[in-house]
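Morning, everyone. Let me put the model up, and then I'll walk through it.

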Amino acid sequence: MYSDILLICNGKAGQGKLEALLKDAIPPLLDVCTNLTIHPTKDKGDAERFCRENARSFDLVIVLGGDGTVHEVINGIADLEERPLTAILPGGTCNDFARSLHIPMNIKQAVQLIVEHPLRKSVDLVKTDDRYFSNFWGTGLISQASDNIDVGSKGVLGKLSYYISAFQSIQDAPIMTVKVKTDEEEFEEEVVMVLAANGKSIGANALPQSISLEDGLLDLYLVKRTGFPLLKEFFLMKGTGDVSHTFEDIRHIRTSSLEVELSEEEKFDMDGELYDGKRQTMKVLPGHMDFIVGVEG
């Protein structure tokens, strides 16, 4: 089925976890390819560099890891003129982009998607000033929550609960003044959080079902201070349609391009990775990468 497969995995995964995952993944992959190259990452940025230099030589790149490893691989591939088909084997805490692609969280089932009649789709990515993201970009409460989370607590609290716990630990949510420019409007707003969603999951919990990875649009949510108590309800909401109709203190806009300018430098959370900045541009690149996906529902 495949000639050359590249399997990128987090080489620092400990306590036998990586070995167990590879034991489940490698034998089925060997049955469907001529050559299988395994690259365990050594340091932060290694997956991105390796993919930028080598991914074009493979017809399938598989990421075995969490959202951070996926983010690196995407940033290593997205600038290439010829971008290989990509697949994800979830190996992290939340695996949000894998969830957005409807990949099973069970590693054996995820491998079966690749080796048995794989379904592939061209999905949107978002280009920022100097990076790409697949799932979400956020600042304010969401980036503060990520910054405040102890790495060990991800395993203890898990999934959405560690975001909610971090939100609750912020007693006085600071207000940010943000200038926003979209395809159709330009305005200024005082908010406690800005979230631009391309994917459908944050903290392992589904976002509103109206979000799509194939519509060429970002879903932008601006949360006012008075909307802070509604955040848990928002993240737990399963409904469809415009969130603004449900939560008056959460403004919802859909746009293909976006400029955000803050009154002062803040941390940005991009697919779970933290960056510093004051201004960010975003542009949706429709169908920019091909991924193996699961079946929705």
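**Walking through the model**

Start with the contacts. Take the pairs in the protein chain whose residues sit at least 6 apart in sequence: 74% of those contacts join residues at least 24 apart. The chain has 297 residues, and 53% of them count as buried. By element, there are 9 helices and 16 strands in the protein chain.

Now, confidence. This is a predicted model. The mean pLDDT of the protein chain is 86, and 81% of the residues score at least 70. Where pLDDT is low, the predicted coordinates should not be read in detail. 

On to helix packing. Two packed helices are described by the angle between their axes and the distance between the axes. I have two pairs to show.

First pair on my list: H2 and H3. Helix H2 covers residues 46-54, and helix H3 covers residues 67-77. Their axes are 7 Å apart, at an angle of about 30°. The cut-off for roughly parallel is under 35 degrees, so H2 and H3 are roughly parallel to each other. Their crossing is right-handed. Who makes the contact? From H2, it's Asp46, Ala47, Glu48, Cys51 and Arg52; from H3, it's Glu72, Val73, Asn75, Gly76 and Ile77. By class, that contact has 4 nonpolar, 2 polar and 4 charged residues.

Stay on H2 for a moment. Which residues of H2 are buried? Asp46, Ala47, Glu48, Phe50 and Cys51 are. What do the buried residues of H2 pack against? Strand E1 (2-9), strand E2 (33-40) and H3.

Arg56 sits in the loop between H2 and strand E3, residues 60-65. With a relative accessible area of 49%, Arg56 is partly exposed. Setting aside neighbours within four places in sequence, Arg56 contacts Leu80 and Glu82. Arg56 and Leu80 are 24 residues apart along the chain, and their C-alpha atoms are separated by 7.5 Å.

Helix H1 is residues 17-30. The axes of H1 and H5 come within 10 Å and cross at roughly 20°. H1 and H5 are therefore roughly parallel to each other. The crossing of H1 and H5 is right-handed. On the H1 side, the contact uses Leu21, Asp24, Ala25, Pro28 and Leu29; on the H5 side, Ile107, Lys108, Val111, Ile114 and Val115. By class, the contact of H1 with H5 has 8 nonpolar, no polar and 2 charged residues.

Next, backbone geometry. Most residues other than glycine have a negative phi, and most peptide bonds are trans. Two residues here are worth a look on that score. His117 is not a glycine, and its phi is positive, about 45°. His117 is in the loop between helix H5 (107-115) and strand E5 (119-127). Is His117 buried or exposed? His117 counts as exposed, because its relative accessibility is 77%.

Then Asp271. Its phi is near 55°, again positive in a residue other than glycine. Asp271 is in the loop between strand E15 (257-270) and strand E16 (273-293). At 5% relative accessibility, Asp271 counts as buried.

Ser134 is in the loop between E6 and strand E7, residues 136-140. Ser134 is buried, with a relative accessible area of 1%. What does Ser134 touch, not counting residues up to four places away in sequence? Ile74, Phe97, Leu125, Asn198, Gly199, Leu213 and Asp271.

Last stop: Asp183. This residue lies in the loop between strand E8 (176-181) and strand E9 (186-191). Asp183 is partly exposed, at a relative accessible area of 41%. Leaving aside neighbours within four places, Asp183 is in contact with Thr255, Ser256 and Ser257. The C-alpha atoms of Asp183 and Glu259 are separated by 9.5 Å, with the two residues 76 apart along the chain.

That's the tour. Over to you.

Technical notes:
Residues are numbered from 1 along each chain as its sequence is written. This is a predicted model: local features need pLDDT of at least 70, side-chain atom pairs count only at pLDDT 80 or more; totals for chains, interfaces and linings use all residues. Side-chain values use heavy atoms; hydrogens and water are left out. Axes are lines fitted to C-alpha atoms, for helices over the stretch in contact, and angles run from 0 to 180 degrees between N-to-C directions. Helices (H or I, at least four residues) and strands (E, at least two) are DSSP runs, numbered from the N terminus. Angles under 35 degrees count as roughly parallel, over 145 as roughly antiparallel, 65 to 115 as roughly perpendicular and the rest as oblique. A crossing is left-handed if the near helix is turned anticlockwise from the far one by less than a right angle, and right-handed if clockwise. Contact means heavy atoms within 4.5 Å. Ala, Val, Leu, Ile, Met, Phe, Trp, Tyr, Cys and Pro count as nonpolar, Asp, Glu, Lys and Arg as charged, and the others, Gly among them, as polar. pLDDT is the predictor's confidence in each residue, from 0 to 100. Buried means under 20% relative accessible area, exposed over 50%, partly exposed in between (1.4 Å probe, protein chains only).
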